[in-house]
Protein chains: 2
Amino acid sequence: MTTQFLVEQIRKKESFLCIGLDTDLDKIPKHLLNEDDPIFAFNKAIIDATHHLCVAYKPNIAFYEAYGIKGWGALEKTIDYLNSDYPEIFTIADAKRGDIGNTSARYAKAFFEDLGFDSITIAPYMGRDSVEPFLTFKDKHTILLALTSNIGAYDFQTKIVGGQELYKEVLEISKTYENSENLMYVVGATKASFLVEIRKIVPESFLLVPGVGAQGGSLSEVCKYGMSKNVGLLVNSSRGIIYASDQKDFALASTEKAKELQLEMSMELKKR
Amino acid sequence: MTTQFLVEQIRKKESFLCIGLDTDLDKIPKHLLNEDDPIFAFNKAIIDATHHLCVAYKPNIAFYEAYGIKGWGALEKTIDYLNSDYPEIFTIADAKRGDIGNTSARYAKAFFEDLGFDSITIAPYMGRDSVEPFLTFKDKHTILLALTSNIGAYDFQTKIVGGQELYKEVLEISKTYENSENLMYVVGATKASFLVEIRKIVPESFLLVPGVGAQGGSLSEVCKYGMSKNVGLLVNSSRGIIYASDQKDFALASTEKAKELQLEMSMELKKR
């Protein structure tokens, strides 16, 4: 998917909501456990109930790997369903991969070509040749971890490297990578004030922002400091939407929660 | 597996060789493609031909994910085969994972409990709470990326952070993590001289060393600067052993290549 098409979808739906599919058999409604594939049954119901209110879905790959072959099968069905029934949706494999060149090339092929995701999250620690194999795919997007929303972010990401924090060094150096126009960045919403600094380095890049809601970030702060001319934001919510209810009404409950966020987003878009 | 048992195996086999199972359908002998599961058939033949010469196997998870459900099935069969037929072997999931706490906990469960690996490689960028969920498993080992053997290592890992290189900061800070006795570290052999510095910070920890052979590192240099009282080294070779031949004699050829390395290792162990 081109960035331009993604921006058009955001304008049309008045939403830059990404819904995280962190699907956990211990948390989904009990009646679904009788289904052939409870993970996919849950994902399909959530997608059908929320696709008009969001522009992106982000399956967290760990949750699927935790169920082995069955989990991987459910992931394949989920991305196939999104690509066939909702091709206007931007899909994110939240995988946080990153390895030496030939191995990164393998991951890129697996997630972009075989599974057909539009984008993947990547860890920057191994540098240029671990990231560039992902960037060679046209109209596919590589979402590099810059500043994450967890407490461990302060271990290394905010340490000073050559006069600036490591996460800024990641932003600066990644801009020199080949095909860097295919980069987006993960920036945790728990540090909305950092967004001012980040926008000085990457004024137009899309930022994937986790941590609004459950992890304590504020949507209006994120928009105030992070929104660019082309919006440039995908704000993720996972548990707050998909686990809004653990009863038979779970899909309806997810619609309501997604609608609340979409309305907030619509207002933020109109402010600017 | 306890570290003590691993050290005993190294002494007994006079080998600290780890064989990387980077199994690629484009590179394995053509006649295996007729098998029901060519990836597992290849791995089984390599394992049967080399298990007496090495102490560890390291499937590179990207290569399995690249084949989707089939690849995941081959990975499960490979680890099951190792655990049942060669329980004395130390198994490493080369996954380079790392995510926020509850997601890391998922990965830990998947690789340690469900698949039954003894260890997993982890990227440090997200800090403490992304690593500690792996460390809580008794007799399981978390192999943190410190200094990798690729060119991109110079992008961030060798940058100065608070007076020392980032990879040293990773070593220092990770020592403060809870259950840090379960940590090992990835250190690329292309920088054997760095091992002196690394041993000042982690004198006894096991180091997983890729990059000997194909990537240009020298085994004797690695041993000179990296070997500890308890050996403390696992030296990996992948392509040099598993793709020693692409003909019907591939298993025999892998035995020979592994034997060459084992002999070198045996001599290095006797020197000290």
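**Close-up views of a predicted model**

**View 1. The loop that holds Asn179(B).** Asn179(B) is found in the loop of chain B between helix 8 (166-174) and strand 8 (183-187); helices (H or I, at least four residues) and strands (E, at least two) are DSSP runs, numbered from the N terminus. This is a predicted model, in which local features need pLDDT of at least 70, side-chain atom pairs count only at pLDDT 80 or more, and totals for chains, interfaces and linings use all residues. Residues are numbered from 1 along each chain as its sequence is written, while chains are lettered from A and ligands numbered from 1 in the order in which they are written. Although Asn179(B) is not a glycine, its phi is positive, at about 60°. Most residues other than glycine have a negative phi. Asn179(B) counts as partly exposed because it has 15 C-beta neighbours inside 10 Å; a residue is buried if 20 or more other C-beta atoms, placed from the backbone, lie within 10 Å of its own, exposed if 12 or fewer, and partly exposed in between.

**View 2. The loop that holds Asp139(A).** In chain A, Asp139(A) lies in the loop between helix 6 (128-135) and strand 5 (141-147). Asp139(A) is not a glycine, yet has a positive phi of about 60°. With 12 C-beta neighbours inside 10 Å, Asp139(A) is therefore exposed.

**View 3. The barrel of chain B.** Eight strands of chain B form a closed barrel in the order 1-2-3-4-5-8-9-10, with parallel pairing; two strands pair if DSSP finds at least two bridges between them. Strand 1 (residues 17-21) of chain B runs parallel to strand 2 (residues 56-59) of chain B, and four bridges join them. Gly20(B) has Lys58(B) in strand 2 of chain B as its bridge partner.
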